Amino acid sequence: MTDFENDNFLRACWKKETEFTPIWFMRQAGRYLESYRKVRAKNDVLTICKTPELSAKVTVDATTELGVDAAIIFADIMLPLEGIGQSFKLVDGVGPIVEKPIRQMEDVKRIGKFSPKDHVPFVTDAIELAIQQLDGRAPLIGFSGAPFTLASYLIEGNPSRDFTKTKRMMYAEPEAWTLLMTRLSSMIHDYLLAQIRAGVDAVQLFDTWSGCLSPFDYEKFVLPFNKQIFERLKPGGVPRIHFGVGTAGILKLMREAGGDVFGIDWRISLDEAWAILGDIAIQGNLDPAILLGGNELVHTRSKEILSRVGGRPGHIFNLGHGVLPETSPEHVKNLVQFIHGTTRTKQ
Ligand code: CP3
């Protein structure tokens with residue numbers, strides 16, 4: 001394992017003492033950063049993802065510029081789907097659009113076998129390059145979409161608010177649902193294992209949309225698949241982060257599904273989340289929109305979060321979801337310094 005200049009993120013994942021509260025951001029390399037916009041002006045998102053030099057560059061530049069305690073490889077949750085025969089486009093300001101959405105058993109049966117070496121060599125190459133360039137300054141996080149979240153894009157065909165088509169398949173075609181989730185779970189496991197083998201120091205499973213389900217449906221239709229992924233990744237030895245949005249009602253079940261760190265959004269306060277989750281590391285949970293309100297507001301709300309943490313080990317500061325494109329980079333950098341400064345003097 002690499003000797004890090006700054007291992008506070010990894011220490012917090014394992015609930016060990018840290019010099020200060022570590023902080024990083026989902027979507028820390030994004031349109032709000034000028035260095036990213038420069039690369040993006042000449043390349044679309046998928047070209048950046050598929051060109052290891054560009055992916056490594058935007059990953060490392062964002063980490064250095066913000067002074068955060070972890071890097072996250074620049075990729076997208078949709079990337080492994082192309083290899084298994086599911087073509088898609090990423091449309092600006094909208095999100096993923098799938099060419100031939102999955103609606104029935106026949107469509108599920110058309111899903112091909114996933115091979116990281118053949119289908120996503122650019123991701124593992126980008127990871128290796130980013131690790132070289134980070135040179136021990138910060139750990140690198142790898143990630144994948146979770147089965148439900150990927151299934152929802154494949155079934156809806158586009159970003160959705162109510163997930164009606166997804167739920168229809170779950171309720172009306174349970175066999176097709178089970179086969180789809182089984183195939184996606186196997187792909188996700190192989191994808192994350194390939195990232196661990198390429199050297200990532202932690203992995204995050206983005207189950208962004210599972211919070212739309214009742215606890216009963218989550219337990220029946222999603223939990224077993226996430227659980228299998230987490231169990232199979234445990235021998236990899238790196239912290240496994242389990243993230244979702246609007247998950248206050250399913251936190252207990254998410255804990256049962258597994259993970260070493262739980263990513264929480266702003267709809268629940270961290271002390272309440274801890275009471276439900278028990279003794280485990282938590283990542284979160286400032287509302288990304290607070291950053292649009294200026295430094296003073298950011299400081300007040302961050303102090304509120306830190307007071308809910310109450311000095312427990314195992315807190316990683318983050319937003320409850322990704323950085324919004326309209327955010328000022330100065331406010332993001334100020335937040336990093338504020339969190340480092342306040343938590344360092346307190347210890
Ligand atoms: O966090 C990071 O810095 C790593 C980069 C990252 C991207 N996508 C790059 C990207 C990560 C972690 C993702 C994950 C992802 N992609 C998720 C799960 C995370 C979440 O936000 O809940 C989802 C749902 C997607 C699908 C997707 N790709 C969406 C919804 C969008 C936004 C569409 C838009 O234009 O607003 C994308 C495109 C995309 N992927 C961007 C980035 C930084 C948008 C910026 C751009 O167009 O350059």
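## Reading the criteria in a predicted model

A search of the whole structure, which is a predicted model, finds eight aromatic pairs.

Trainee: Why is the pair formed by Phe 206 and Phe 243 called edge-to-face?

Mentor: The ring centres of Phe 206 and Phe 243 are 5.5 Å apart and the planes stand at 75°. Centres within 6.5 Å make a pair, and planes over 60 degrees apart count as edge-to-face.

Trainee: How do you know whether Phe 206 is buried or exposed?

Mentor: The relative accessibility of Phe 206 is 12%. Buried means under 20%, so Phe 206 counts as buried. Phe 243, with a relative accessible area of 0%, is buried too.

Trainee: Which residues form a cluster through ring pairs?

Mentor: Phe 148, Phe 163, Trp 177 and Trp 209 are linked into a cluster by ring pairs.

Trainee: What makes His 242 a buried residue?

Mentor: His 242 has a relative accessible area of 0%, which is under the 20% limit, so His 242 is called buried. His 242 is placed in strand β6.

Trainee: Which residues of helix α13 are buried, and what covers them?

Mentor: Helix α13 (residues 223-233) has Leu 223, Phe 225, Asn 226, Ile 229, Phe 230 and Leu 233 buried. The elements covering these residues include α9 (147-156), α11 (174-198), β5, α12 (215-221), β6 and α14 (251-257).

Trainee: How do you know where the buried residues of helix α2 lie around its axis?

Mentor: In helix α2 (residues 34-42), the buried residues are Tyr 36, Val 39 and Arg 40. Seen down the axis of α2, these buried residues fall within an arc of 100°, so they line one face of the helix. The face turned away from the buried side of α2 carries the exposed residues Lys 38, Ala 41 and Lys 42. Cover for the buried residues of α2 includes α3 (45-50) and α4 (52-66).

Trainee: Why is the contact between the side chains of Lys 38 and Glu 34 called a salt bridge?

Mentor: The N to O distance for Lys 38 and Glu 34 is 4.0 Å. The criterion asks for a side-chain nitrogen of Lys or Arg within 4 Å of a carboxyl oxygen of Asp or Glu, so the pair of Lys 38 and Glu 34 is counted. Both residues lie in helix α2, four residues apart, about one turn of the helix. Lys 38 has a relative accessible area of 56%; exposed means over 50%, so Lys 38 is exposed. The structure holds 13 salt bridges.

Trainee: What makes Arg 110 exposed, and how is its partner Asp 107 classed?

Mentor: Arg 110 forms a salt bridge with Asp 107, with 2.7 Å between the closest N and O atoms. At 58% relative accessibility, Arg 110 is over the 50% limit and therefore counts as exposed. Asp 107, at 11%, is under 20% and therefore counts as buried.

Trainee: Where in the chain do Arg 240 and Asp 260 lie?

Mentor: Arg 240 forms a salt bridge with Asp 260, the closest N and O atoms lying 2.9 Å apart. This pair links distant parts of the chain: Arg 240 is in strand β6 and Asp 260 in the loop between α14 and β7 (261-263), 20 residues apart. Both Arg 240 and Asp 260 are buried.

Trainee: How many disulfides does a search of the whole structure find?

Mentor: The search finds zero disulfides. Cys 13 is buried, with a relative accessible area of 2%.

Trainee: Why is Cys 212 called partly exposed?

Mentor: The relative accessible area of Cys 212 is 26%. This value lies between the 20% and 50% limits, so Cys 212 is partly exposed.

Trainee: How does the reach of helix α8 compare with the expected span?

Mentor: Helix α8 (residues 121-134) has 14 residues and reaches 20 Å from its first C-alpha to its last, close to the 20 Å expected at 1.5 Å a residue. Asp 135, which follows α8, has a positive phi near 50°.

Methods:
Residues are numbered from 1 along each chain as its sequence is written. This is a predicted model: local features need pLDDT of at least 70, side-chain atom pairs count only at pLDDT 80 or more; totals for chains, interfaces and linings use all residues. Side-chain values use heavy atoms; hydrogens and water are left out. Rings of Phe, Tyr and Trp (its six-membered ring) pair if their centres lie within 6.5 Å; planes under 30 degrees apart count as stacked, over 60 as edge-to-face and the rest as tilted. Buried means under 20% relative accessible area, exposed over 50%, partly exposed in between (1.4 Å probe, protein chains only). Helices (H or I, at least four residues) and strands (E, at least two) are DSSP runs, numbered from the N terminus. Contact means heavy atoms within 4.5 Å. The arc is that of the directions from the helix axis to the C-beta atoms. A disulfide is a pair of cysteine sulfur atoms within 2.5 Å. The expected span of a helix is 1.5 Å times one less than its number of residues.
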